[in-house]
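Please look over the sequence and the model shown here before reading on.

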Amino acid sequence: MRAASASAASSAPSTEPVLPTAATAPGHSPHRLAGVATMVGSGLSNQTGAAIGSLAFPVIGPTGVVAVRQYVAAVVLWAVSRPRLRSFTWRQWWPVLSLAVVFGTMNLSLYSAIDRIGLGLAVTLEFLGPLSIALAAARRRVDACCAVAAAAGVVVLMRPRPSADYAGMGLGLLAAACWASYILLNRTVGRRIPGAQGSAAAAGLSALMFLPVGVVLVLRQPPTAQAVGCAVVAGVLSSAVPYLADLFTLRTVPAQAFGLFMSVNPVLAAVVGLVGLGQHLGPAEWAGIGAIVLANSLSVLVHRG
């Protein structure tokens, strides 16, 4: 579920305009294995962080967990990028402000979806965001097949049944729309502001937006140390670790391999949800997840091949 981290913009196919890739990094071959290992660790860290964060839902709710996560993301990004806000023009500020709103909404809708429908399904639905961006520019017949496969997966996941939580599914789709917007806004911010200063500024503004939430939570019902600890761990594992890992991975692993691995994140989320939280999925849900993963994998292969 790096879905919803500060590095989300780089996790979709062909959305990373700033960092050099393995094809241009000197001496990339000896580091390729380390890059792959980093991708695996980053994916597991992201999903594990989300699972641990969900343990705090009964005490501070998804909103409280997201608030803490926004604080952690802001601290990490500001420490790495040190944005020079006084130099920003209005042409640079408006996409940063939009990115801050989308960033917070994306994480809040995703964690609310996790609370209702579980980690695996929520992350899978959110993953439709970057997949839609990839397929939007589709011009080949195979892209149409990918779109059909993804649509079939969505139909399976959202099919009518007595136990269906359509509110939770709607939140997952809202997270997908936010992730797609996040990618497009990050492209604009990346073109107008050097380095990761724009993303850091957006993360800081998003954290400020959630500051009143934290104050209200503390005043209304002081959270337990365990709940706060789970939320902080979620912020570190799902925001800080994936972001820093991507800084290394995108320099050592080809973009095609990176995009293909990111396709597996819904499966990782489902496995972590099963092992860590006891969230069981039926054969139909696994088939739906598989269809969406397959669609993204084919899309990456076609556009990068």
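Does Arg 116 count as buried, partly exposed or exposed? At 45% relative accessibility, Arg 116 counts as partly exposed, where buried means under 20% relative accessible area, exposed over 50% and partly exposed in between (1.4 Å probe, protein chains only).

This is a predicted model, in which local features need pLDDT of at least 70 and side-chain atom pairs count only at pLDDT 80 or more, while totals for chains, interfaces and linings use all residues. Residues are numbered from 1 along each chain as its sequence is written, and side-chain values use heavy atoms, with hydrogens and water left out.

The mean pLDDT (the predictor's confidence in each residue, from 0 to 100) of the protein is 78, and 79% of its residues reach 70 or more. Over residues 1-28 the pLDDT is below 50. Where pLDDT is low, the predicted coordinates should not be read in detail.

The whole structure holds one salt bridge, a term for a side-chain nitrogen of Lys or Arg within 4 Å of a carboxyl oxygen of Asp or Glu. Arg 116 forms a salt bridge with Asp 165, and because Arg 116 lies in helix α3 and Asp 165 in the loop between α6 and α7, the pair ties together parts that are 49 residues apart in sequence.

Ser 45, by comparison of topic, is buried at 9% relative accessibility, and its contacts (heavy atoms within 4.5 Å) beyond four places in sequence are with Leu 237, Ser 238 and Val 241.

| Atom pair | Distance |
|---|---|
| Arg 116 and Asp 165, closest N and O atoms | 3.2 Å |
| Ser 45 side chain and Leu 237 backbone oxygen | 2.7 Å |

Notes: A polar contact is a pair of N or O atoms within 3.5 Å; within protein, one must be able to donate a hydrogen and the other to accept it, and residues adjacent in sequence count only if both atoms are side-chain atoms. Helices (H or I, at least four residues) and strands (E, at least two) are DSSP runs, numbered from the N terminus.
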